[in-house]
Each structure stands twice: as C-alpha cells, then as structure tokens.
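Please walk me through this structure.

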Amino acid sequence: MKALRSFTVRPTLPAELAPLAALAMNLRWSWDVQTRELFRWVDPDQWDAVVHDPVRLLGSVSKDRLDELVQDKGFLRFLETVSSDLERYLARDAWFQGRADSPLRSVAYFSPEFGISEAVPQYSGGLGVLAGDHLKAASDLGLPLIGIGLMYRNGYFRQALNVEGWQEQRYPNLDPYGMALTLQEGARVRVDLGGRTLTAQVWKAEVGRTDLYLLDSDIDDNDDDLRSVTDRLYGGDSEHRLRQEMLLGIGGVRALRALGLDTQVFHTNEGHAGFLGLERIRELMAGGLSFEQAIEAVRGGSVFTTHTPVPAGIDRFPRELIEKYFAGFAADAGITMDQLLGLGHEPGDTDQTRFNMAVMGFRLAARANGVAQLHGEVSREMFQPLWPQVPVEEVPIGAITNGVHARTWVSSEMDDLLTRHVHPHWGEAGAHEWARIHDATDNDIWRVKEQGKDRLVALVRDKIRSSAVARGQAPSDVAWADEVFDPRALTIGFARRFATYKRATLLLSQRERLEAILGSTERPVQFVFAGKAHPADDQGKEMIRQIVAYSSDPAIRHRFVFLDDYDIAIARTMYHGCDVWLNTPRRPQEACGTSGMKAALNGQLNLSILDGWWDECYDGENGWAISSAENVADTARRDEIEANSLFDLLEREVIPLYFDRSGGRLPRRWVRRMKTTLSGLGPFLSASRMVKDYTTALYEPAAAHADDLGGEDHRRAKEITTWKARIVAGWPDVRVDSVESDGTVPGIGDERVVEAVVSLGSLSGDDVEVQLVHGIVGQGDEIEHPRTTAMTEVERVDDAHVRYRGGFACDAAGRYGFTVRVLPVHPDLAASAEMGRVAWA
C-alpha cells in the first residue's frame with residue numbers, strides 16, 4: 001500500500017561521534033581527503049555501497065558499528081583532528097581577508113544548476129559543475145559569496161540504454177532530508193505566476209564557508225502543477241522553463257530578503273536567472289525610483305556571464321508568455337508591456353515576438369563576460385548588434401577564462417604528489433611553486449597515473465557488467481568484461497554532453513584507421529566514452545547509439561567502451577585514469593570546455609581542436625592541436641579534414657610517443673610532457689585564479705559602482721538617467737564635420753598632428769570625448785590593432801562647433817592611418833562604449 005505521507009528519520013549519533021554530523025553536512029568533504037578517509041573508516045564497505053555519501057552512510061551504519069567506534073581511540077583522535085581542521089578552515093583569514101581596501105561586502109551568485117558532488121545531484125553538466133567549483137573556490141579564498149539555485153526533486157535524469165543502445169531517461173525521486181541540506185524554517189517566498197501564487201521553501205547547503213540556497217516548490221501550499229515547477233532540471237516545455245526561471249530570479253531575490261542577507265553585487269551565471277533584475281527594479285520602484293532610474297541602479301551592481309557561443313543556445317520566450325506572466329508587473333511598475341519587452345528584444349527582430357534572456361542579461365548588467373578569451377571574441381561578434389555603432393573589438397563584453405576546483409578533481413595520489421613537490425596549498429600556488437613538479441621523479445609521476453588507471457579499468461569492467469545485466473543479459477553472457485581494458489594500454493577519454501557540435505562520433509568517420517589502431521597488439525590503444533544527450537536531442541542520442549553499437553563488436557569491445565549514466569563520480573575516475581583527453585568540437589562553438597582542464601591537472605595530455613580554453617593555453621608541448629577547418633563551408637568536407645588531422649596526430653605523434661620506451665620501462669618523453677602540462681597549466685587552470693579574476697575585474701568594480709549609484713537616495717543613479725536621456729536626444733546632431741592634418745610624410749617616431757571640428761549640437765564638451773584612432777592599415781583600409789588618443793579642445797568655433805587637436809607618433813614603417821570619433825563620457829559609465837553611441841568622421 002502507498003503511504004499517505006513519508007518522511008526521513010535522521011540518525012542519532014552517540015555524543016562522542018556527534019562531530020560526524022557536522023562534517024557530513026558540510027560539503028567540504030567533497031574535496032577534503034582527510035574527511036573522506038574518516039568516513040571510509042566508519043564502515044569501508046558501506047562507504048562504497050552509498051557511493052561515498054556521508055549523509056547516507058550515517059543513516060545506514062549499524063548501531064553496533066557506532067558502538068565499536070566509540071571505543072576506538074584511534075578513530076576518536078582522527079575525528080577530533082578532522083573536526084578541528086574544519087573549524088580552523090571556516091574561521092581562518094584567507095586571500096580576501098587580506099584585501100583591506102576592497103569595497104566588496106557580498107556577492108549573490110545565481111545559477112540554474114550547481115554541481116558540488118554526486119551526493120547532491122543538482123547539475124547536468126559543465127555549467128553546473130563550473131558553478132559548484134566557483135562556490136568552492138570562493139570558500140577557499142574567503143570571498144563573501146553565496147549561491148542561489150533551485151532544488152529539483154527529480155534532479156537531472158539518470159541515463160540508461162535499451163537493447164538498441166538508445167538513451168532512455170529515468171528521474172529519481174530525491175529526498176532533500178536525506179541529503180546534506182538544511183531546511184530554512186520561516187524563509188518561504190511567494191512569486192506571482194500569471195495571477196497564481198507559487199510558494200517555495202528554502203534549503204541550505206554548506207559548501208565550506210560558502211552557503212548555497214535552493215528554492216523548492218514541492219510543498220503542500222501549492223497546487224500540483226505549481227508543486228512541479230522544481231521537478232526536473234531543464235525539463236518541460238517553454239512555459240515550464242519560464243516558471244522555473246521566474247522562481248530562480250524573482251524568488252531568489254526574495255529569498256535573500258527573507259533570509260536577511262543584504263546583497264551588494266548580483267552575478268547571473270547565464271541568462272536563466274535574468275528575472276532577478278526585474279525583481280530588483282520592482283523593489284527600487286517601490287522605493288520611489290522611476291523605471292529608468294531603477295534600471296541604472298540595478299545595472300551598476302550586476303554582473304552577467306554568458307556561456308553560449310551560438311544563438312540557438314539562448315533561452316527565448318514568446319511574447320504571449322511574457323505578457324501572461326508579467327502583465328501584473330508592468331501594471332504595478334506603471335510601464336507598458338512594450339517597455340518591459342524592450343529589455344529582451346534583439347535589434348533587427350522586426351516582429352518583436354521573442355524575449356531573449358541573454359539580451360536582457362546584457363541590458364541589466366553594467367559588466368559582462370564570456371568564459372574564455374576566444375569565447376569573449378565570439379560573444380562580442382554575436383552580440384554586437386546591441387551596440388551597433390561600436391566596433392566589434394570594443395563591444396563591452398570581456399572574458400574571464402574558467403578554472404576548475406583542483407582539489408575536487410585530482411586523485412588522492414596526485415594530491416599527495418603536488419603537496420610534496422609544489423606546495424601544501426598547491427591549488428592556490430603560483431608559477432614558481434608549480435615549476436617544482438619537475439623535481440618529482442619520473443617513477444613518482446608514472447605511479448600516480450598507473451594507480452588512476454587501475455581504478456578506471458575496474459570501473460569500466462564493473463559498468464559493462466552492470467549495464468548489460470540491466471538490459472536483460474545474463475551475467476554469464478558478459479564474462480568477457482573481465483578482460484576489458486588493459487592497464488598498460490594508451491587510454492583515450494571522451495566525456496561530455498552529446499551535443500551535435502561536439503562530434504563524439506568523429507572517430508567513427510574513418511573506421512579502417514580506427515580499427516587498425518584498436519587492433520594493434522604491440523601498441524595497444526583503448527577508448528572510453530561517456531556522456532548524456534539532452535532528452536529532446538535525438539541527434540545526440542543517435543551519436544550515443546552509434547558509439548554503443550560500434551562498441552558491441554566482439555573484435556573491438558575490449559578496447560572501445562561507452563559508460564552509461566555519466567556523473568561526477570565517473571568523470572573523476574576518467575580524469576584520474578586516462579592518458580589523453582579528446583575534444584573535437586566545431587570551432588568556435590565550445591565556450592570553454594573545462595573537462596580538459598580537470599584532465600590536465602591529473603597529468604593528462606589534451607588532444608583537442610583549438611577551441612575554448614585550449615585555444616589560449618596550447619603551447620606545442622602540453623598536448624596536441626587538431627587542425628580546424630572552420631573556413632570550409634561544407635560541413636561534411638570540414639569534418640573529413642579535421643578527422644584526417646586527428647588520425648594523423650594519433651598515428652604519427654601520440655601513439656609513438658606513448659610507446660617510446662627507449663629510456664627503459666617508462667615513456668620518459670611522455671612523462672616529460674606530463675610535467676610540462678602540470679607546471680605550465682597548473683597555476684592558470686585553478687578556480688582560485690578564476691575567482692580572483694572575477695573579484696578584481698568585476699565584483700569589486702561592481703560593488704563600488706553599486707554603492708556610488710545607491711548613495712544619497714540614489715542621487716547618482718537619478719543623475720545618470722537624466723544625463724543618458726539628454727545624450728540620446730541630442731546624439732543625432734553630434735558629428736565630425738572636418739578633419740585636418742599636415743600632408744607631410746612622417747618618419748618613424750615623428751609626431752603627426754590632427755585637428756577636427758566637431759558638431760556637438762545641444763551637448764557640451766563635458767558630455768563627450770573626442771578620440772584620435774590610429775594604427776597600421778591593413779586590407780580594405782581597416783586599422784589593425786587600433787590605438788586611441790584623447791584629443792584636446794582648442795577653441796569653440798561657434799555655439800555648436802568645437803575644434804579639437806591631437807597627435808600620434810608612427811612607431812613602425814608601412815601603411816599607417818587614422819580617423820576621429822566622438823563618444824559619450826560620464827564617470828558612472830562602466831565602459832565608454834556602454835551606450836552604443838559613436839560618431840565617426
């Protein structure tokens with residue numbers, strides 16, 4: 001019979017073991033080796049049975065075993081050591097506490113998913129894992145940051161394969177009471193959803209010294225359809241997605257207020273949480289600001305990070321849905337729906353029927369960034385229509401390359417190696433300390449890799465057996481799994497979301513060459529694949545089916561495998577055990593690709609298209625770059641060219657290098673590349689570096705900007721609103737009427753003087769900056785790598801015209817050119833191009 005109600009009974013621990021509960025409830029255990037070893041000591045077999053989840057472990061360990069631990073003096077001493085270490089970690093001064101003059105007091109980091117640990121399955125892939133690593137690094141650095149997300153009762157789907165190898169989805173029922181979550185009593189929030197009130201409760205996860213709050217709609221106060229708003233991550237139709245994003249953004253801000261958390265800077269991790277800006281506008285308007293003034297005040301303290309390198313990846317909602325759910329908001333704000341919809345309309349979308357969440361993200365944040373240097377370039381080009389008069393290279397979208405939380409992803413053996421040779425806190429070490437890895441012996445490095453590979457082989461064999469049995473095969477039919485994978489073989493891994501552009505099946509396009517590699521007995525090579533396709537992505541599912549079908553061939557199945565139900569645990573084992581990390585996206589569609597970073601920190605060599613982070617980090621010695629043919633319009637021909645490059649690298653460089661044992665048992669030239677990878681990439685790939693970059697480049701400027709605009713009853717927010725309105729009204733009359741320069745041909749180092757007469761119309765000289773733009777001239781008379789010099793006002797010609805003068809020195813021979821332009825300038829603009837107004841000569 002079915003229970004009317006159910007609940008979770010949490011275990012009662014003996015007083016001597018009480019610190020175990022606090023250790024289990026703080027997710028620092030997910031990256032702290034000592035804490036994990038402590039829980040393994042509690043019950044080694046049960047620790048493996050609960051998939052290394054301390055909360056589940058404490059709920060399942062027997063009373064007899066607890067009584068034994070109470071009498072175990074060694075265990076109690078270790079418990080005291082680990083518990084004291086957590087207390088010191090939570091209380092110690094860290095990097096941020098050394099920034100005495102920082103204007104930053106608090107950051108709220110909004111994301112639709114957070115990948116902290118497989119024990120809290122609230123993630124689907126890279127975006128969520130990045131968010132989890134961001135929180136962990138913030139904790140290590142002592143940054144005053146909190147996370148805001150949703151508590152999905154079904155999480156993301158668990159993957160299974162049917163007999164044809166087709167992906168099937170099943171959704172577990174997650175019990176937050178049985179996870180490392182604490183219900184925040186009295187912190188319920190309410191959000192209007194098209195005239196109906198949704199109520200959400202709030203759960204807290206402790207991530208070291210960083211708190212993560214998750215909103216949950218599955219409560220009795222709501223009707224069934226509203227209870228299901230937080231059912232699944234990325235599930236449902238467009239309306240369901242809109243409801244989720246309203247709860248995340250609007251409800252997230254209200255949760256901060258209910259919890260009494262005064263937030264200074266709001267960071268939106270991708271556009272899904274963008275409605276937080278509308279909620280903040282509503283709050284400010286309730287305090288007396290106009291719609292336009294509230295926008296300016298909100299922008300100053302907002303940071304928007306885009307992860308999307310292709311327009312198709314952006315959330316867009318039809319006008320009728322926005323009208324249905326935000327008509328009340330518009331009425332309360334005293335604005336028209338067109339004004340509200342204008343925040344998310346793309347320039348050039350003539351029918352204005354779609355509301356673009358990324359566009360709103362940029363319009364409501366004074367600071368925005370991509371997640372790798374190449375992705376920043378792609379984003380500036382993709383979103384340049386938002387600033388139509390601004391050159392692509394000056395579009396105000398920066399770039400902070402992602403990083404990964406190193407201690408979460410490296411093996412315990414690698415952790416020990418780096419602790420001994422680099423620094424006890426190697427995750428935050430600099431280049432000088434990382435160079436010490438070259439002092440480690442080749443044997444030390446190789447032994448770490450061998451241990452990781454042993455675990456990977458065990459995982460592969462276990463997954464093959466369990467997956468086959470789940471599909472209806474008898475255990476005796478998969479006895480061959482005991483021979484799958486060879487710890488001595490070169491092992492190449494590919495694990496990520498199965499999106500079409502990632503081309504997981506590129507290897508299969510040249511099967512004769514692949515089978516020649518797989519068939520070698522002298523130089524054995526094996527491949528391991530893992531990953532999920534979005535439930536609605538049949539093309540991605542077809543890629544999985546093709547790989548599974550290929551892997552079922554008895555001739556190659558011992559060297560070519562697909563691991564189903566990909567999660568953090570599988571990913572971690574692959575990072576530890578593979579030798580090469582394969583990445584084959586169509587450049588430049590990979591925003592960053594942090595899986596290769598995690599692999600590199602475990603000594604793997606990347607074999608990748610120059611896309612995402614690899615484009616800026618490949619140096620010729622730390623891996624291999626697959627040639628990219630993005631200029632070839634025909635997709636099939638492009639794939640063929642790039643597949644040829646991949647196989648050429650495998651056959652001529654990767655495989656021969658790995659099996660070069662001329663120096664003895666070890667592949668010493670390969671190990672040298674492993675050391676080069678660790679020493680060169682270690683300091684850069686760290687999430688600590690990433691979060692420091694966010695702090696200094698975005699959070700602290702946004703904090704100061706927010707304080708400036710909000711002080712004195714938002715005086716400066718009101719002033720810049722008035723100023724912008726005056727600039728927009730007067731800009732059509734701003735132009736460069738004439739540019740004059742002497743006709744002499746300067747030599748290298750000679751200065752050339754330029755004068756320009758500028759019409760300012762109703763604006764004043766204080767409203768603008770006149771710039772001289774100069775540099776080497778390339779094809780089509782385009783100035784390459786332009787430099788700018790502010791020109792100085794010389795005289796007022798008449799009421800509307802002003803003469804300016806400036807100069808520059810030619811520092812190289814060849815074609816050189818210049819032009820003049822006018823931009824609005826104001827101390828409260830975050831970037832000179834922010835308004836998108838530029839008058840060119």
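The lining of the second largest pocket divides into 17 nonpolar, 7 polar and 9 charged residues. This is a predicted model. In total, 33 residues line the second largest pocket. Nearest its centre lie Ile295, Glu296, Arg363, Lys724 and Arg837. The space in the second largest pocket comes to about 970 Å³. Five elements are named as giving two or more residues to its lining: α11 (291-300), α13 (337-342), α14 (357-363), β13 and α27 (687-730). Of these, α11 gives the most, with 5 residues.

The structure holds 5 cavities of 30 Å³ or more. The largest cavity has a volume of about 90 Å³. Its lining is made of 13 residues. Thr268, Gly274, Leu276, Gly361 and Leu364 are the ones nearest the centre. Two or more lining residues come from each of β9 (265-269), α10 (276-286), β10 and α14. The largest share, 3 residues, belongs to β10. By type, the lining of the largest cavity has 8 nonpolar residues, 5 polar residues and no charged ones.

Strand β10 leads on to Thr306. This residue lies in the loop between β10 (302-305) and β11 (316-318). Is Thr306 buried or exposed? Its relative accessible area is 0%, so Thr306 is buried. The Thr306 side chain reaches the backbone nitrogen of Thr308 at 3.4 Å. Beyond its neighbours within four places in sequence, Thr306 is in contact with Glu270, Phe362, Asn369, Gly370, Val371, His375, Ser379 and Phe383.

Two of those partners, His375 and Ser379, are among the buried residues of helix α15 (residues 373-382). The buried residues of α15 also include Leu374, Gly376, Val378 and Arg380. What do the buried residues of α15 pack against? They meet β13 (367-370), β14 (398-399) and α24 (614-617).

Now take helix α22 (residues 568-577). How many of its 10 residues are buried? The count is 10 of 10, so α22 is largely enclosed by the rest of the structure. At the start of α22, a side-chain oxygen of Asp567 comes to within 3.1 Å of the backbone nitrogen of Ala569.

Pro588 is found in the loop between β18 (580-583) and α23 (595-601).

Arg503 is another loop residue. It sits between β15 (490-495) and α20 (511-518). Its relative accessible area is 3%, so Arg503 is buried. Which residues is Arg503 in contact with, leaving aside its neighbours within four places in sequence? They are Met543, Thr584, Pro585, Arg586, Ile609, Asp639 and Glu642.

Two residues have a positive phi although neither is a glycine. His52 has a phi of about 60 degrees. Phe485 has a phi of about 70 degrees. His52 is in the loop between α3 (44-49) and α4 (54-60). Phe485 is in the loop between α19 (442-470) and β15. Their accessibility can be set side by side. At 31%, His52 counts as partly exposed. At 3%, Phe485 counts as buried.

Last, the chain as a whole. The protein chain has 27 helices and 28 strands. Of its 841 residues, 57% count as buried. Along its principal axes, the C-alpha trace spans about 95 × 65 × 50 Å. How does the radius of gyration fit a compact globule, and what value does the chain have? A compact globule of 841 residues would have a radius of gyration near 28 Å; the protein chain has 29 Å, so the two agree. Contacts reach along the sequence as well. Among contacts between residues at least 6 apart, 71% join residues at least 24 apart.

Methods
Residues are numbered from 1 along each chain as its sequence is written. This is a predicted model: local features need pLDDT of at least 70, side-chain atom pairs count only at pLDDT 80 or more; totals for chains, interfaces and linings use all residues. Side-chain values use heavy atoms; hydrogens and water are left out. Buried means under 20% relative accessible area, exposed over 50%, partly exposed in between (1.4 Å probe, protein chains only). Helices (H or I, at least four residues) and strands (E, at least two) are DSSP runs, numbered from the N terminus. Contact means heavy atoms within 4.5 Å. A polar contact is a pair of N or O atoms within 3.5 Å; within protein, one must be able to donate a hydrogen and the other to accept it, and residues adjacent in sequence count only if both atoms are side-chain atoms. On a 1 Å grid over the protein atoms alone, a cavity is a set of points where a 1.4 Å probe fits but cannot get out, and a pocket is an open set with protein on both sides within 12 Å along at least five of seven lines; lining residues have an atom within 4 Å of a point. Grid points are joined across faces, edges and corners, and a volume is the space filled by probe spheres set on the points. Ala, Val, Leu, Ile, Met, Phe, Trp, Tyr, Cys and Pro count as nonpolar, Asp, Glu, Lys and Arg as charged, and the others, Gly among them, as polar. The radius of gyration is taken over C-alpha atoms; the globule rule is 2.2 Å times the number of residues to the power 0.38.
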